[in-house]
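Here are my notes for when you open this one up. Keep the viewer handy and go through the points in order.

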Amino acid sequence: MANKYHIMSYGCQMNERDAETISGMLGQLGYEKTDISKNADVIIIHTCCVRESAENKIIGKIGELKHLKTVNPGLIIGICGCMVQQKDTAKRLVEKAPHIDLVFGTHNLHQLPELINQVQLTNNQIIEIWDDEGSIVEDLPAQREGNLKAYVTITYGCNNYCTYCIVPYVRGKERSRLPESIVNEIDGLGKEGFKEITLLGQNVNSYGKDLCDLNINFSGLLQKIDDVTNITRIRYMTSHPRDFNEELVMTVKNSKNVCPHFHLPLQAGSNKILKLMNRGYTKEQYLSLIELIKQEIPHASITTDLIVGFPGETEEDFLETLDAVSEARFDQAYTFLYSKRSGTPAATMENQVDDENKKARLQRLMDLQNKISLEINKELVNRSLSVLVEGPSKNNPSQLTGRTTTNKIVVFEGDDTLVGKLVDVKIEEARTWNLTGKLIKVY
Ligand code: SAH
Ligand code: SF4
Ligand code: F3S
């Protein structure tokens with residue numbers, strides 16, 4: 001019987017994509033995937049450290065795994081990802097949890113096969129973390145999740161250094177993949193039958209800035225992908241308002257298959273806070289981008305990320321966030337309590353906001369946003385929308401679920417043969433988080 005591996009992956013889409021590479025590499029070593037940790041011979045904990053809550057969850061998980069070693073002494077437990085890339089974290093972790101066999105960082109993911117070999121040969125604990133990013137390693141194997149939607153990384157790292165954010169420290173400098181590598185990967189996905197791709201980068205709008213000789217930017221890349229590949233739905237994330245421009249809006253507008261959905265994190269509505277965050281734009285500049293999108297592509301959806309309780313945020317500053325949310329009228333917002341990340345400039349800023357205040361503000365923000373989301377969704381009732389069918393609905397498995405081009409979840413009655421197809425659904429009921437409707441056409 002083949003040896004088995006189990007991956008516990010936390011964090012963002014970047015990590016989800018990297019987990020597919022980890023799977024691919026373990027597959028090449030002859031391991032088979034299992035969803036049950038106690039059946040595994042290799043367990044990889046793929047970490048995130050963007051907020052403290054993410055870290056705490058992972059530390060708990062590492063502790064829980066200790067008893068599996070007594071049942072299966074040959075079990076290899078590996079920890080990787082953003083959390084261990086922070087200074088001294090690996091050392092702290094293995095001191096606390098000596099049952100860890102292997103620690104590797106975000107910059108040397110590709111070394112996993114040789115590191116596993118080393119652990120097996122020497123029976124020693126191996127810690128191998130590179131401080132610097134090195135160059136992009138192409139053509140690593142990948143075992144994709146599903147066969148309908150795929151993530152395609154276009155840039156690694158981030159140069160923005162928002163003052164609250166740990167990502168630049170753990171993911172390194174921004175590096176763009178070559179356009180032909182990206183197009184080849186997408187071509188391959190198209191041939192395998194994938195219908196939707198999402199291009200990934202911490203700031204996709206700065207794609208190509210490091211590829212000086214090639215004279216390509218994000219709009220150019222998007223257009224190329226739209227022109228030469230046969231993917232039905234092209235998405236991308238995340239945009240940064242600092243580099244987001246009219247050229248991109250027009251590229252999306254004039255494209256065949258780029259979805260009319262813009263995820264454009266605002267983070268805060270007060271110019272004072274935006275400056276302290278080092279975001280590089282004002283509320284007014286941000287709102288004029290929203291205006292531009294609405295003018296050029298009126299049916300587009302717009303979503304955002306918001307942080308409440310950044311150090312120095314007063315009630316007046318917070319009211320500016322509420323004001324910006326009312327004016328922008330986002331389809332949806334991902335809202336976060338500010339979380340102190342050691343090593344970032346904001347962690348040592350004065351006037352940290354207390355927890356109680358933060359939580360109260362978060363609730364007020366969510367109440368406002370939920371009201372707006374519902375109002376916007378209600379406008380879709382009686383409209384017929386194109387939906388890419390993904391599978392049975394989680395909450396009601398006798399129904400199907402899929403997404404519109406604008407990334408809204410639609411639940412409707414239909415049979416399994418529709419999975420993977422594009423259909424039209426007439427919307428009958430709107431909720432804050434999803435829409436329900438009736439199937440009217442199959443393509
Ligand atoms: N590069 C992307 C995503 C970064 S992480 C971007 O710039 O949008 C995703 C979101 O997590 C961020 O947009 C931000 O809203 C939130 N976030 C990052 N660091 C945080 C922190 N220290 N506390 C709370 N939220 C944070
Ligand atoms: Fe973090 Fe800012 Fe980079 Fe996003 S753009 S990853 S929030 S530093
Ligand atoms: Fe987390 Fe790293 Fe992504 S810190 S959000 S997994 S880039």
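Are Phe310 and Tyr338 buried or exposed? Phe310 is buried, and Tyr338 is buried too; buried means under 20% relative accessible area, exposed means over 50%, and partly exposed is in between, using a 1.4 Å probe and protein chains only.

1. Ground rules. This is a predicted model, where local features need pLDDT of at least 70, side-chain atom pairs count only at pLDDT 80 or more, and totals for chains, interfaces and linings use all residues. Residues are numbered from 1 along each chain as its sequence is written, chains are lettered from A and ligands numbered from 1 in the order in which they are written, and side-chain values use heavy atoms, with hydrogens and water left out.

2. You'll find seven aromatic pairs in the structure (rings of Phe, Tyr and Trp, the last by its six-membered ring, pair if their centres lie within 6.5 Å; planes under 30 degrees apart are stacked, over 60 edge-to-face, the rest tilted). One of them is Tyr164 with Phe310, edge-to-face at 6.4 Å centre to centre and with 85 degrees between the planes. Tyr164 sits in the loop between strand 8 and helix 7, and Phe310 in the loop between strand 13 and helix 13, so this pair ties together parts that are 146 residues apart in sequence. (Helices, H or I with at least four residues, and strands, E with at least two, are DSSP runs numbered from the N terminus.)

3. The next ring along. Phe310 also pairs with Tyr338, again edge-to-face, at 5.5 Å centre to centre and 70 degrees between the planes. Here the two residues are 28 apart, with Tyr338 in the loop between strand 14 and helix 14.

4. Ligand 2. Tyr164 turns up again here, since the residues around ligand 2 include Tyr164, Cys158, Cys162, Gln202 and Arg279 (near means that a heavy atom lies within 4 Å). That shell splits into seven nonpolar, three polar and one charged. For the classes, Ala, Val, Leu, Ile, Met, Phe, Trp, Tyr, Cys and Pro are nonpolar, Asp, Glu, Lys and Arg are charged, and the others, Gly among them, are polar.

5. Ligand 3. Gln202 is also one of the residues around ligand 3, along with others including Cys12, Cys48, Cys49, Cys82 and Arg171. Five nonpolar, three polar and one charged residue make up this shell.

6. Strand 4. Six of the six residues of strand 4 (76–81) are buried, so the rest of the structure largely encloses it. Strand 4 pairs with strand 3 in the parallel sense over six bridges, and with strand 5, also parallel, over two bridges (strands pair if DSSP finds at least two bridges between them). Ile44 stands opposite Gly78, and Ile79 has Val103 as its bridge partner in strand 5.

7. The barrel. Five strands form a closed barrel in the order 15-16-17-19-18, with mixed pairing. Strands 15 and 16 run antiparallel and are joined by five bridges, with Val387 partnered by Thr404 in strand 16.
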